[in-house]
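Subject: Structure handover

Hello,

Here is the structure you asked to look at. Please open it first, then read the notes below it.

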Amino acid sequence: MKEHERIKKKEFPQRQKLLCIFGTGDLGRSLGLRLLQSGYGVVYGSRRPNSCGPLPQGAQVMTHAEAAQSSNLIFICVHREHYEFLATMEHHLKGKVLVDLSNNLKKGMYPEANAVYMQRLVPSAAVVKGLNTLSAWALQNELLAGKQVFLCGESGEAKQAVAHLATKLGLTVLDKGSLSAARELEDFPLKLFPEWRLPLSIAVGLSAFFFFYLLIRDVIYAYVEKKNDISYRIMVALANKVFPIVALVMLSLCYLPGAIAAFFQLYRGTKYRRFPNWLDRWMLCRKQMGLVALGFAVLHAIYTFIIPIRYSFRHKLISGVKNNKTTPSYFDNTEAWGTDSFISLGILGFFLFVLLGLTSLPSVGGYLSWREFNFIQSKLGHLTLFICTAHGYIYGWNKFLRPSTYKWYTPPGYMLCLIVPSVVLVLKLLLLLPCVDRALTRIRQGWERTQPKEMDEIKSTNL
C-alpha cells in the first residue's frame with residue numbers, strides 16, 4: 001500500500017494554527033502576508049535563513065527541516081527545478097500535506113506534472129495541487145473574494161484541509177479529483193484568451209479585408225482616375241466605414257450558428273446527435289463575438305461624433321457657405337426622411353447593442369431568470385440585428401442604382417456587409433414559420449422522427 005493512501009486515514013485539524021511556507025520569493029511572501037492577516041501563524045523554510053530578505057512582520061524564518069516540524073500543512077512556493085531538496089528530507093515530511101503552487105513557463109516542459117513529480121520524490125507525504133492560479137499581486141491587494149481556485153490530490157482529507165483554509169481566505173474551491181488532473185491545473189495560468197481567439201481572429205481578418213478593399217475603392221481609385229489625393233481620409237473617414245461593417249458582420253455571426261444548428265436538428269429529426277466540431281466551437285464563442293462587435297460599434301459611434309471637428313469637414317462647410325450666399329437651396333423631403341430614418345435607426349440599434357452587451361456580463365446576467373436572459377439575447381438580439389441591417393440599407397438608399405457607385409466594377413463595402421445579416425434574418429424568418437417552429441419545438445422537447453437503431457434491434461429480437 002502506498003504511503004499517501006495510508007495518509008488518507010490520518011485526521012487533519014480543521015484549523016492550522018501554524019502554517020509553513022517553503023520559499024521566500026514574491027509568491028511566498030505575499031501568501032504569508034495574507035495568512036498572517038487571516039489570523040494564522042507563518043513559518044518560512046529557507047535554504048539561507050539569515051539572508052532571505054525582508055519578510056512579513058510576525059513571520060518566522062528557519063531551515064527547511066526546522067520549519068517542516070512546525071506544521072502539518074506546508075505550501076511549496078518554489079520552482080520545480082529546486083524540488084530535489086524535498087527528497088533529502090523525506091523523513092521530516094512524513095505524514096505532512098504538501099501544497100504545490102508551482103507553474104511552468106510553457107506547456108509540455110516536463111513529461112509529468114510538477115505535483116506528480118513531487119509525490120514521487122516524497123511518497124510518504126500527501127501532495128495537493130492547488131492555489132497555483134493565485135498571483136502575488138492579487139494576494140497583496142486582497143483581491144481574493146469570490147475568486148475560484150482548483151484542487152486535486154489523492155488524499156481526500158488533505159484536500160479538505162486545504163479547501164478549508166482556502167475558504168477562510170475568501171476563495172471558492174473546486175475539487176478536480178486525483179493528481180492525474182494536475183497537468184490540467186498547471187496549464188490554466190498559461191492559457192491566453194482561449195475563448196477569444198476565434199472571435200478576435202475573425203475581427204482582425206474582416207478589418208484587414210475591408211480596410212484594404214475600401215482603400216482601393218476610395219483612396220487609390222480617386223488618385224488613379226481623378227488625380228485627387230484624399231489619403232487623409234484613411235485615419236477617420238475610412239476607419240469609420242470599416243468599424244460599422246465589422247460590427248454588423250460580427251453581430252450576424254453571433255446568430256448564424258443558432259440558425260444552422262436548428263436546420264441540422266430539423267434535417268436529422270433529433271436533438272441527440274452532436275453537431276459538427278466546427279459548429280460546436282462557433283456556438284461556444286458567440287458571447288465573445290458579440291462583445292467584439294459591440295466594441296466596433298462603440299468605435300463607430302465615437303468616430304461619428306468627431307466628424308464635425310475634422311478640418312476637412314469644417315473647410316467644406318465654410319466653402320459651401322461662401323459659394324452659396326444668394327442661391328436658395330432646394331429642400332428634398334424624401335432625402336430628409338431617409339437621413340432622419342438612418343440616424344434614428346442607428347441610435348436605436350446602438351442602444352440595443354449596448355443592452356445586449358450589458359446582459360452578457362455575469363454580474364448583470366446573474367440577476368436575470370433564464371426566460372428573461374433568453375428573451376434579451378434572442379428576441380432583442382434579432383431585433384437589434386434587424387434594426388442595424390435596416391440602418392445599413394437606408395444608408396445605401398438608392399445608390400445601388402447609380403453606375404458611379406461601382407468603382408472599377410466593385411460594389412461598395414456596405415453592400416458586401418449586408419449579405420451575411422440578410423441571410424441570417426431570412427433563415428430566422430423561415431424558422432418562425434408555424435409549421436417549422438412547431439416541428440423544431442417538438443424535436444427540442446425530445447421527439448425523434450425515427451427510432452434509434454438500438455430500439456429497432458430490440459424489437460426485432462423480441463419478434
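Which residue is the bridge partner of Phe75 in E5? The partner is Val99. Before the rest, two remarks on how the work was done. This is a predicted model, in which local features need pLDDT of at least 70 and side-chain atom pairs count only at pLDDT 80 or more, while totals for chains, interfaces and linings use all residues. Residues are numbered from 1 along each chain as its sequence is written, and side-chain values use heavy atoms, with hydrogens and water left out.

Strands

Two strands pair if DSSP finds at least two bridges between them. Strand E4 (residues 73-76) runs parallel to E5 and is joined to E5 by four bridges. E5 also pairs with strand E6 (residues 126-130), again in the parallel sense and over four bridges. There, Leu98 has Val127 in E6 as its bridge partner. Between E5 and E6 the chain passes through helix H6 (residues 114-121), and this β-α-β crossover is right-handed (with the strands pointing away from the viewer, the path from the first strand over the helix to the second runs clockwise).

In a regular strand the side chains alternate between the two faces of the sheet. In strand E5 (residues 97-100), Val97 and Val99 point one way, Leu98 and Asp100 point the other way, and all are buried. Buried means under 20% relative accessible area, exposed over 50%, and partly exposed in between (1.4 Å probe, protein chains only).

Helix H13

Helix H13 (residues 286-305) has 20 residues and spans 29 Å from its first C-alpha to its last, close to the 28 Å expected at 1.5 Å a residue. The expected span is 1.5 Å times one less than the number of residues. Its buried residues include Met289, Val292, Leu294 and Phe296. The buried residues of H13 pack against helix H10 (197-226), helix H11 (239-268), helix H12 (277-284) and helix H15 (333-359), where contact means heavy atoms within 4.5 Å. Gly295 is also in H13, but is partly exposed at 33% relative accessible area. Gly295 and Ala247 are 48 residues apart in sequence and 7.8 Å apart in space, C-alpha to C-alpha.

Pocket and cavity

On a 1 Å grid over the protein atoms alone, a cavity is a set of points where a 1.4 Å probe fits but cannot get out; a pocket is an open set with protein on both sides within 12 Å along at least five of seven lines; lining residues have an atom within 4 Å of a point. Grid points are joined across faces, edges and corners, and a volume is the space filled by probe spheres set on the points.

The second largest pocket has a volume of about 1,200 Å³. Of its 35 lining residues, Arg286, Asn374, Gln377, Ser378 and His382 lie nearest its centre. H11 gives the most to this lining, with eight residues.

There are two cavities of 30 Å³ or more. The second largest cavity has a volume of about 30 Å³, and among the residues that line it are Phe264, Arg268 and Phe275.

Most residues other than glycine have a negative phi. Trp408 has a positive phi, near 55°, and Tyr409 has one of about 60°. Tyr409 lies in the loop between H17 and H18 and is exposed, at 82% relative accessibility.

Regards

Key. Helix = DSSP H or I, 4+ residues; strand = E, 2+ residues; numbered from the N terminus.
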